[in-house]
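Subject: Structure handover

Hello,

Here is the structure you will be taking over. My notes on it follow below the entry.

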Amino acid sequence: MSDEETIIDVSTFDPHFRDEIAAEPGGEHIRRCYSCSTCTAGCPVAGVTDKYNPRRIIHMALLGMREQVLTSEFVWLCSVCYTCYERCPQDVRIPELMNAVRNIAVREGHIPSTFTVQMEKLREHGRLYEIDDYENERRAEYDLPPIHEEKTAVHQILDRTCPETCAEEADKKHPEEAS
Amino acid sequence: MTNQYALYLGCTVPVRGMNYEMSARKVAERLGIELVDVEGFSCCGFPAKPLDWQAGLLMAARNLALAEAQGLDVLTLCSACTGTLTEANHRLKEDAQLRAWANEQLSDLGRAYKGTVRVRHLARMLYEEVGVERLRETITLSADGSHLLADFGFAPHYGCHYLKPSHLYDGFDDPENPQTLDRLIEATGARVVRYEDEGQCCGGGILGFDEETALLLTKQKLDHVTAAGADALVLICPFCAIMYEANQRRVEKLYETSYKLPVLYYPQILGLAMGFSLEEMGIKLNRVKPRKLIERVSESASQRVSDEV
């Protein structure tokens, strides 16, 4: 019993997707995965939601389900806790692999809004939380030294590494967000 | 032992974890460790890495270069910063081609990365460089010879990036059965409380993307620590603290439950055991009031005053 909509046509798969991931820093070991599921068994996120299953994502990537993987919300659900990284018998380095897939997705414009908001903060303040006079006055109340934002250097780094992909206006294709 | 470090605060600590920063500074000073504030540090690069690894790496490299220019090793308080800076340091040291590329980029910013400094988390530095024995010697005993925290049981939360990936950290602790924070807690005279699933992640990494799932992870730990009867959860990362302390009320409301579980930064309990005041350890900034601890410290302080009179 299958719903027509969930039936997958393998001719749409991209057999080179695994090579594309392997060429991306962090994704080098994808071809080592033999689907033992050690990652998923110990994954804290998979422990509380069916939305995230690392073994399944790697299997989809190996099959060449490029579009499905890159436009998915699930690649963004890895909490990067490295539990699977320590336990994987094949040293697939799954959190790094997830970041490699995310980097590819971002280059194609698939970036969740929460991350574009963070990048805007980095551009504006050089940090995730603004530190201005108000924050420094509060710090002074607790006898802590003032901190000066370093925005120029961070802005320059972001401009030369990811000028478009990491900018808010470039984001047109949000993956479906979970919340 | 190195007794001078560049204090790397990152984004969260100086704004949302001032109690962590205050206590870390005081404790370091007491131990004769000079923490130097370096002008120009930015975000470590952790949030940029999932979007563009080059951006994340260059941000980390630039921060490392700033510490190098001062000739100082880096002392971190946030575990995510520790992981990001340590990973960048490893990659750049090992890969000459990558290092050359990074330096080409950094030279336009007037910086150079050489690979001459180490990155250390505060807890690791306390464990490895100061050592548990020396910490014990700094603990103040009451007039009757008892420890201030003798009646306290603390549940350790190591968090993820303090331990993992373990190959980045030279195997200084076991990621599956970590010991360092346990020993550090015991050094204060308090007891370590065991609880279910101690290695559980706080969920902070996905809070922005899927709050519901993230808070489910937070809830599990709050459930387990409360069930074990700990007086507080003791941790060493500002983001873990946001999940367990700042979001505790939210979890209580969502799941119609009540924890009122105090969450303390390790240097806060160490500092109190050393004889620092509640005020000096920034306890006022702890959102879930550690009532028992406040009572005990106030009692001991008034005892000391009456003894002096």
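Strand β1 (residues 4–8) of chain B runs parallel to β2(B), and three bridges join the two. Two strands count as paired if DSSP finds at least two bridges between them. Ala6(B) has Val36(B) as its bridge partner in β2(B).

Before going further, a note on the source: this is a predicted model, in which local features need pLDDT of at least 70, side-chain atom pairs count only at pLDDT 80 or more, and totals for chains, interfaces and linings use all residues. Residues are numbered from 1 along each chain as its sequence is written, while chains are lettered from A and ligands numbered from 1 in the order in which they are written.

The strands β2-β1-β3-β4 of chain B, in that order, form an open sheet of four with parallel pairing. Its edge strands are β2 (34–36) and β4 (119–121) of chain B, each of which pairs on one side only. From one strand to the next, the twist averages 40°. Axes are lines fitted to C-alpha atoms, for helices over the stretch in contact, and angles run from 0 to 180 degrees between N-to-C directions.

Two helices pack on this sheet:

- α4(B) touches β1, β3 (73–76) and β4 of chain B, and its direction makes about 160° with that of β4(B).
- Helix α6 (residues 122–130) of chain B touches β3 and β4 of chain B, and its direction makes about 90° with that of β4(B).

Contact means that the C-beta atoms of two residues, placed from the backbone, lie within 7 Å.

Chain B has another open sheet of four strands with parallel pairing, in the order β6-β5-β7-β8. β6 and β8 (263–265) of chain B stand at the edges with a single partner strand each, so one side of each has no neighbour in the sheet.

Strand β5 (residues 153–157) of chain B is largely enclosed by the rest of the structure, because four of its five residues are buried. A residue is buried if 20 or more other C-beta atoms lie within 10 Å of its own, exposed if 12 or fewer do, and partly exposed in between; the C-beta atoms are again placed from the backbone.

β5(B) pairs in the parallel sense with strand β6 (residues 191–192) of chain B over two bridges. Gly153(B) stands opposite Arg191(B), and Phe154(B) has Val192(B) as its bridge partner. Between β5(B) and β6(B) the chain passes through helix α8 (residues 180–187) of chain B, in a right-handed β-α-β crossover. Right-handed means that, with the strands pointing away from the viewer, the path from the first strand over the helix to the second runs clockwise.

β5(B) also runs parallel to strand β7 (residues 232–235) of chain B, to which four bridges join it. There, His157(B) stands opposite Leu235(B).

**Domains of chain B**

Chain B is divided into domain 1 (4–122) and domain 2 (139–308), with bounds from an automatic or database domain assignment. The centres of these two domains of chain B, taken over C-alpha atoms, are 25 Å apart. Their contact takes 24 residues from domain 1 of chain B and 25 residues from domain 2 of chain B. On the domain 1 side, α2(B) gives the largest share, nine residues.

Chain A has 10 helices and zero strands. Of its 179 residues, 39% count as buried. The domain assignment of chain A gives domain 1 (13–107) and domain 2 (113–170), and 30 Å separate their centres, taken over C-alpha atoms.

How many residues does each chain bring to the contact between chain A and chain B? Chain A brings 51 residues and chain B brings 47 residues. On the side of chain A that touches chain B, the largest share, seven residues, comes from α10(A). By class, that side of chain A has 30 nonpolar, 13 polar and eight charged residues. Nonpolar covers Ala, Val, Leu, Ile, Met, Phe, Trp, Tyr, Cys and Pro, charged covers Asp, Glu, Lys and Arg, and the others, Gly among them, are polar.

Regards
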